[in-house]
Amino acid sequence: MRTLVLLFIMLVFPVASYAQSLQMPEGTVVLTVSGAIENSNDGGTAKFDIEMLKELGQSELVTSTIWTDGAQVFTGIPLLAILEAVGAQGSKLRAMAVNDYMAEIPVSDAIPDGAFVAYELNGIAMTLRDKGPLWIVYPYDQDPNYRTSAIYTRSVWQLDRIEVLP
Amino acid sequence: MVAEPNTAEHQTSRPGKSFARLIPRIASRYWVALALMFSLTSIVLLSSQLHDRFRSLDNSNSGSVAWTWSQMDTELAQFNIELLNAKLKPDAPLSTLRNRYDIFFSRVETVLGVDAYRNMFSDPGMGANIARLQSFFEETLPIIDGPDEELRASLPYLETQVAVARTVVRALTIRGIANAAKAADQVRTEVSDLLLELAAFALALIVALSGLTMLLDYLYNTSKSRALAIRQTRDRLETIGRISLDAIFVLDLDGKVIDINRAGQEAFDTRRSAAIGRDFSDLSGVPDRICAGSNRRIRTTAQRPNGEMYPVELSISDAAGEKNPVVAVFLRDISDRVEAERALLRARDDALVGERSKAQFLAVMSHEMRTPLNGILGTIELMRDEPLSDQQQGYMKAMETSGKLLLHHVNDVLEISHHESGQARLNPTIFNLEALLKELVDSQQALVRPKGVNIRIVHIPGVLESAPVELVETDQMKLRQVLLNLLSNAVKYTDKGTITIEVEPISLDGDNLMVEIRVIDTGKGIEDDDLDRVFDDFVTLDVSYGRANGGTGLGLGIARRLAESLGGEIGAESVPGEGSLFWLHVPLVRILAPEGQGSGMPARDAKGEAPPNTPQSIRILIIEDNDINRFVLREMLNQYGHHIDEAIDGAKGLSLASEERYDLIFMDISMPQLDGVHATRKIREAGASSGAHIVALTAHAMPDELISFRKAGADGCLIKPITRADLAGVLTRVAAKLRQERQSAKPAPLANSRLLSELVSELGNEQSAALIRRFIGEADAAVGQIKSLAKDDPAGLRDLFHKIGGSAATFGAQRWLEKLRKCETLFEAQITDSANPCFKEVFALWVETRRTYEIVLHSIETAEQRPDPAI
């Protein structure tokens, strides 16, 4: 089943992306993707408002984190969806936060059920005070390999920029 | 062929020792497996432990704590900068300021809202500051979230609040980092411990694996060499099994065949596969039950496939000590051997039969030859007493020599047949040893004189006070032959120098004398190796040695047998090149020469010397049917001057002997009608000559006959031809016997002085004297009663004799006692005629005895008066 979804994503989705190209953000821009990308809407960068991200897909990831108490319900999209939306061609990503925190994420983390970009926590849109508006989380509970320091450093909250490095 | 490898396997896979070796092998395998399992378990446990530890390290995320703390300080500083910016630029939007505030807020929330940091609240230094930080947010949140104008107006206030918050955050950060460092240290220690543990496990694992490797290596080498050894053994056994000519079976304990070799398959016309599992007895036809428990070799039979039975030898050995005991049976066809044994037995039996007939033939021949020889030699002896010319004397000598030689041959042959039938009998006679030696020496003089060799006889007194030894009693013929054989050898092998015959009595027990006679030559000697063999029969190491005696080929062998049959021993010593010494130990009975006869009898060949003196006339009866022999014997005896009667057959001889008392009877054995054996028996049974010395005369020399003579009552036996020396021996013996009989009537003392002196010493003089006096009185009374009792009361007389005899014995009146006993005996036998003269003798002897006892009595009484005889 998962393979079929993957096939669908790999074959159909990019075609759809190309066909639609990237629309312009109408609301507040929450994420700017730059670097080695093929699709852009603002002179080589791709800017997303919340609605655009929500249009890319809306799924849930339930997991606990070391920064919160108990299981949390994250709502958002797989990182992979964003990369595909922008036609990312690199091998590494540089994820940056509002306070200029920066972490390097290998593109290989962007797999279905892998790195996840959340915009709601427990059904509420995350504000800056709640590590919002975007937070890269991993399914920590599903796989012990996600409970490592490297993964924790990649769990960038208050995310607002992604640079795709070739 | 197909069977062989398996056969070998059966035999090699179950040797006793390898099983014992198997036990440690299994045990070591067990330990190896155990060690491996332990190692593997350790590895797995260690891995999982390490994995868990590292995972928990990741979870704790302690490494990022310092970052989080410092970041809080940084975010507050950023907010402070934005605050200053907002003051400087009153028109600029306040969104950046608010974002910075939110970032700081979220940072603090992160720190304060998570388990990893919450334990810090218990730190009293931190709790107050955290409370201050919380009050900071309570003060500022409404302002930040309020309208821009109020925010802008509150900027200075916020500035003062931030200044306070910065000191608080600073303190928290420093404390938090310090705590984090402490936690990191702890983690580091934990990791270090874990690594140490890991190292220890790794080391243990390495050691265990090294040990394991060494063990495996050892086991490998051991098993390799063992496998090689087993293989070699198996190959060898395989080869043995294959090439063995004997059938080899391996059986279980029930006698079922486990394996069989090729020879076995061929012998019983079977295949290995068919033979296995069959009962051994069914297969082989061996009737015996083969069972384990004893290794043995049995002779039995087996059956060929065609039904023929044949003899086999089974060699059975079992390996009972093992887990799977088997019995190995080697079956060998011994038909040939059994056949050979049968043939040997037949040959032996045939040979024995042949030997017997030979002995019979020899005995008959010897008899047939001796009879005419008897006549020839006897006549020659008589002729020598006749006046003859020198020439005639020479002829006579030649005839005699030839005759004697012939006689020797006959004797030799007869001797062999005697000895071979194991029936050599002694025929003891009395003869003069010195004379015998001289005769032997003389007989050899003709041979040694041309060589210039001297023969001398040396007498050594030895245990006797005087030499030489003269009259002795033993089997003269045998002794002569032994000595002749020894001397002949010496003569034959001595070409120069001297032959010495030494005679030395070496022990004396009563009249039993052991004499050593040594024949010492200066000849070529005998090698040591041959020395022990020269006395063996038919020894051919030096043919001439063995044949030295008269050409019968048995010289020293006969000498040894003769010496042994005489009760003696023979031996030899030699130094090759210097000479030999043959010694003979022979037991003799010494006959003391009669008084006045110092030198005994003269040598037989000493012609013309006086005939032997005999102290008194002997009454002789010759019973002989052969005229010539009787004549010769009589002529010989005549010289001694004894009274001689003749009888021409057994019946006449018997009647003469019963009428007249003869001292000596010569009895020919083979006579028609009443033969010598029967006549002897009759003479012994009754008649005047029942006590005579009877000498059998025979040409039969067979031992059986000699025994029958003895049984019939003959005292001795002379083998024809009879020589003067033989006769002299007999006469001397008879004379000695007669003299002894005569002496034996007198020797008993009238009074036994020893007995009397004992009596005196025990009872004292007075009492002894009284007792003796009483004895004399009793005896006087008894003697007075004899005459009357003899007529009226024979029984009373016997009692009287008995009673007085008892007293005579007590007081040592021995001669009288003997007479009393004799009378008593006669009386009991109711020979009253003889008893009467006996009474007279009793009277006469009592007179003598009484006189003696009166003297004894007198001496005792005299001693009584002188109580101290020593003075």
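Mentor: About 1800 Å² is buried between chain A and chain B, with carbon and sulfur atoms giving 46% of that area. Buried area here is the accessible area (1.4 Å probe) that two parts lose on being put together, summed over both. This is a predicted model: local features need pLDDT of at least 70, side-chain atom pairs count only at pLDDT 80 or more, and totals for chains, interfaces and linings use all residues. Residues are numbered from 1 along each chain as its sequence is written, chains are lettered from A, and side-chain values use heavy atoms, without hydrogens and water.

Trainee: How many residues does each chain bring to the contact?

Mentor: Chain A brings 17 residues and chain B brings 23 residues, where contact means heavy atoms within 4.5 Å.

Trainee: What makes B:Asp102 and A:Arg129 a salt bridge?

Mentor: The rule asks for a side-chain nitrogen of Lys or Arg within 4 Å of a carboxyl oxygen of Asp or Glu. Their side chains meet at 2.5 Å, N to O, so the pair qualifies under that rule.

Trainee: Which residues does A:Glu120 touch?

Mentor: Leaving out residues up to four places away in sequence, A:Glu120 touches A:Lys54, A:Val73, A:Phe74, A:Thr75, A:Ala125 and A:Met126. The C-alpha atoms of A:Glu120 and A:Asp130 are 9.8 Å apart, with the two residues 10 apart along the chain.
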